[in-house]
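Here is a short report on one protein model.

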Amino acid sequence: MAPLGAGKVGLFAAAGSGGATGAAFLAGGNGYQDVIAKMPFSTEVIADLAATLERGSSGTAGCSDSGVAGYVAGGYNDPLTPKSTDNIDKLTYSNDTAALMTPTLTQRRTAAAGMQNSGVAGYFAGGDIDGTATYTDINDKLVFASATCSATTSLSYSTNTNASFSNSGTAGYSLGGYGGSYQDDIDKFAFPSDTQSALTALPYPVAWAGGFADVGVSGYLAGGWEQVAHNVATIYKWAFSNDARTTSSGSLSVADSQQTGAANSGSAGFVFAGYSGGATWVDKFAFPTDTRTSLTAMSHSQYSAAGFADEGALV
């Protein structure tokens, strides 16, 4: 059974933007890992990098400036003081090196959701402040060019363990989460104004889901912890043209929560195993059919991690 209550864990997804080369990345995760793992799209085999996060954490959030760098923010490590962090680590894609940035989140927190407008800015929305079950609506904006971070338009609800996906160049989305109870909210943030609007609610309240996107086409919400059925395998799909929701023809190979998503837009989305049994499965969903195939398993579990992608070109 997945852990309940305080957002000491979470899962996040930041979809990449179009291109035939590049890779998906996981960073941090269960057991307070400092591991950064990379799955090149050319091989679809994931392996740990030599580079690591400055501090091991679960409940990290990720975003991507595709073709340039990935960013990992926040997280939770129970043995440390303070337990949560405001760190932002930068992974440079050209050489797979990681370094702690000077800017920080506006508040220490864990289990936020990462979004990005590639080439412009990344976002870290929601979270649990210091792992104290103090859920927030903060939405921090990391401007890539100036490497500055400040609060922008807030979520309409306070939450943690919310999922996300981004239609880079157009809008980012925060979906569901837990804020004292399970939530079915969806917030949409228009780029570059960051104007917030609410979309039609999810079919049921859900937290710890994974998100990914086929930029310019559709966003996906995969699995999660639903308050009645618990771990679910269903994948919902939103058309970016009109934000209409449908149920994808694909589903996860395992009903799960705390999984991480990433995508190679125009090609496929990927979901990396969640909490259930410390699993290591990797599911691939071909765009636009959503046909699922199973990839080579991870060498170790890495759930409650940040997910993001480099696709070698801006969209």
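## An enclosed strand

How many of the five residues of strand E1 (residues 23-27) are buried? Five of the five are, so E1 is largely enclosed by the rest of the structure. Buried means under 20% relative accessible area, exposed means over 50%, and partly exposed lies in between, with a 1.4 Å probe and protein chains only. Strands (E, at least two residues) and helices (H or I, at least four) are DSSP runs, numbered from the N terminus.

Both faces of E1 are covered. Ala23, Phe25 and Ala27 lie on one side, and Ala24 and Leu26 on the other. In a regular strand the side chains alternate between the two faces of the sheet.

## Basis and confidence

This is a predicted model; local features need pLDDT of at least 70, side-chain atom pairs count only at pLDDT 80 or more, and totals for chains, interfaces and linings use all residues. Residues are numbered from 1 along each chain as its sequence is written, and side-chain values use heavy atoms, with hydrogens and water left out.

pLDDT is the predictor's confidence in each residue, from 0 to 100. The mean pLDDT of the protein chain is 92, and 93% of its residues reach 70 or more. Over residues 1-20 the pLDDT is below 50. Beyond near neighbours in sequence, that stretch has 108 contacts in the model; contact means heavy atoms within 4.5 Å. Where pLDDT is low, the predicted coordinates should not be read in detail.

## Partners of E1

Strands of a sheet pair through backbone hydrogen bonds, either parallel or antiparallel. Here two strands pair if DSSP finds at least two bridges between them. E1 runs antiparallel to E2, and five bridges join them. Phe25 has Lys38 of E2 as its bridge partner.

E1 also pairs with strand E27 (residues 306-310), again in the antiparallel sense and over five bridges. Ala23 stands opposite Asp310, and Leu26 has Gly307 as its bridge partner. E27 is largely enclosed too, because five of its five residues are buried. Ala306, Phe308 and Asp310 point one way from E27, while Gly307 and Ala309 point the other way.

## A four-stranded open sheet

Another set of strands has the order E14-E15-E16-E17, an open sheet with antiparallel pairing. Which strands stand at its edges? Strand E14 (163-167) and strand E17 (195-198) do; each has a single partner strand, so one side of each is left without a neighbour in the sheet. The twist averages 20° from one strand to the next. Axes for such angles are lines fitted to C-alpha atoms, for helices over the stretch in contact, and angles run from 0 to 180 degrees between N-to-C directions.

E14 and E15 run antiparallel and are joined by five bridges. Asn167 stands opposite Ala171 in E15.

## Ser174

Ser174 is found in strand E15 (residues 171-178). Its relative accessibility is 1%, and Ser174 counts as buried. Its side chain makes a polar contact with the side chain of Tyr157 at 3.3 Å. A polar contact is a pair of N or O atoms within 3.5 Å; within protein, one must be able to donate a hydrogen and the other to accept it, and residues adjacent in sequence count only if both atoms are side-chain atoms.

Leaving aside neighbours within four places in sequence, Ser174 is in contact with several residues, among them Met115, Leu155, Asn162, Asp185 and Ile186.

## Salt bridges

Side chains of opposite charge can pair when their charged atoms come close. A salt bridge is a side-chain nitrogen of Lys or Arg within 4 Å of a carboxyl oxygen of Asp or Glu. By this rule the count is eight.

One of them joins Lys38 and Asp96, at 2.8 Å from N to O. Lys38 lies in strand E2 (residues 35-40) and Asp96 in the loop between strand E6 (88-92) and strand E7 (97-100), so the pair ties together parts 58 residues apart in sequence. Lys38 is partly exposed at 21% relative accessible area, whereas Asp96 is buried at 18%.

Lys188 and Asp243 also meet at 2.8 Å, N to O. Lys188 sits in strand E16 (residues 182-190) and Asp243 in the loop between strand E21 (230-239) and strand E22 (244-256), so this pair links parts 55 residues apart in sequence. Both residues are buried.

Lys83 and Asp78 form a salt bridge at 3.5 Å, N to O. Lys83 is partly exposed at 33%, and Asp78 is partly exposed at 30%.
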